[in-house]
Structure formats: C-alpha cells, structure tokens
Amino acid sequence: MEIKLNPDKEVVKMIKDGLKAKNGYCPCRLEMTEDNKCMCKEFREQIKDPDFEGFCHCMLYYKSK
C-alpha cells in the first residue's frame with residue numbers, strides 16, 4: 001500500500017490552497033467537523049480497506065494497493 005499526492009500539480013495546489021483557507025478542513029465539504037479535517041475520516045476508512053484503490057474525495061491523495 002502506498003499513499004501519494006495526485007500527480008496533477010494544479011489539482012494539488014488548488015486543494016492545498018482550499019485547505020489553507022479552511023484551516024485544514026476539506027474544501028470540498030460544507031461542514032467543518034473533525035470528520036472533514038484532512039485527511040478526512042472517509043479516506044482514513046478507505047485506507048484500512050485492503051481492496052480499495054483510488055483517490056480521496058477531494059482528489060488530493062491516491063491510495064494504491
């Protein structure tokens with residue numbers, strides 16, 4: 001298993017700028033809850049799934065098997 005940033009540097013910059021503007025909360029989510037703090041709960045749970053491979057909700061991180 002490996003977790004890496006999206007290879008598209010423009011996407012990474014846009015998401016990181018959004019994270020900075022929202023104090024680390026996912027810029028793709030409306031609610032600012034602990035579950036939406038980057039790395040969000042949804043992606044942390046996907047990381048635990050050995051069969052999951054893909055991007056997190058906001059496309060910042062990619063998990064490979």
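**The sheet and what surrounds it**

Guide: The strands form an open sheet of three, in the order E1-E3-E2, with antiparallel pairing. Strands E1 and E2 are the edge strands, as each pairs on one side only. This is a predicted model, in which local features need pLDDT of at least 70 and side-chain atom pairs count only at pLDDT 80 or more, while totals for chains, interfaces and linings use all residues. Residues are numbered from 1 along each chain as its sequence is written, and side-chain values use heavy atoms, with hydrogens and water left out.

Visitor: What counts as a strand or a helix, and when do two strands pair?

Guide: Helices (H or I, at least four residues) and strands (E, at least two) are DSSP runs, numbered from the N terminus. Two strands pair if DSSP finds at least two bridges between them.

Visitor: How many bridges hold E1 and E3 together?

Guide: Four bridges join strand E1 (residues 2-5) to strand E3 (residues 61-64), in the antiparallel sense. Within this pair, Leu5 stands opposite Tyr61 of E3.

Visitor: And how many bridges join E2 to E3?

Guide: Strand E2 (residues 54-55) is joined to E3 by two bridges, and the two strands run antiparallel. Here Gly54 stands opposite Lys63 in E3. E2 and E3 form a hairpin with five residues between them, and Met59 in the turn has a positive phi of about 75°.

Visitor: Which strands does H2 lie across?

Guide: H2 lies across E1, E2 and E3, running at about 15° to E3. For such angles, axes are lines fitted to C-alpha atoms, for helices over the stretch in contact, and the angles run from 0 to 180 degrees between N-to-C directions.

Visitor: Changing topic: how many salt bridges are there?

Guide: The count comes to three salt bridges, a salt bridge being a side-chain nitrogen of Lys or Arg within 4 Å of a carboxyl oxygen of Asp or Glu. One of them joins the side chains of Lys13 and Asp17 at 2.8 Å, N to O. Both residues lie in helix H1 (residues 9-21), four residues apart, about one turn of the helix.

Visitor: Is Lys13 buried or exposed?

Guide: Lys13 is exposed, with a relative accessible area of 52%. Buried means under 20% relative accessible area, exposed over 50%, and partly exposed in between (1.4 Å probe, protein chains only). Asp17 counts as partly exposed at 41%.

Visitor: Which residue does Glu42 pair with?

Guide: The side chains of Glu42 and Arg29 meet in a salt bridge at 2.2 Å, N to O. Glu42 lies in helix H2 (residues 41-48) and Arg29 in the loop between H1 and H2, so the pair ties together parts that are 13 residues apart in sequence. Glu42 is partly exposed at 33% relative accessibility, and Arg29 is partly exposed at 22%.

Visitor: What about Glu45 and Lys41?

Guide: Their side chains meet in a salt bridge at 4.0 Å, N to O. Glu45 and Lys41 are four residues apart in helix H2, separated by about one helical turn. Glu45 is partly exposed at 44%, and Lys41 is partly exposed at 34%.

Visitor: Which backbone oxygens does the Lys63 side chain reach, then?

Guide: The side chain of Lys63 reaches the backbone oxygen of Phe52 at 3.0 Å. Not counting residues up to four places away in sequence, Lys63 touches several residues, including Met1, Phe43 and Pro50.

Conventions
Polar contact = N/O pair within 3.5 Å; in protein donor to acceptor, adjacent residues only side chain to side chain. Contact = heavy atoms within 4.5 Å.
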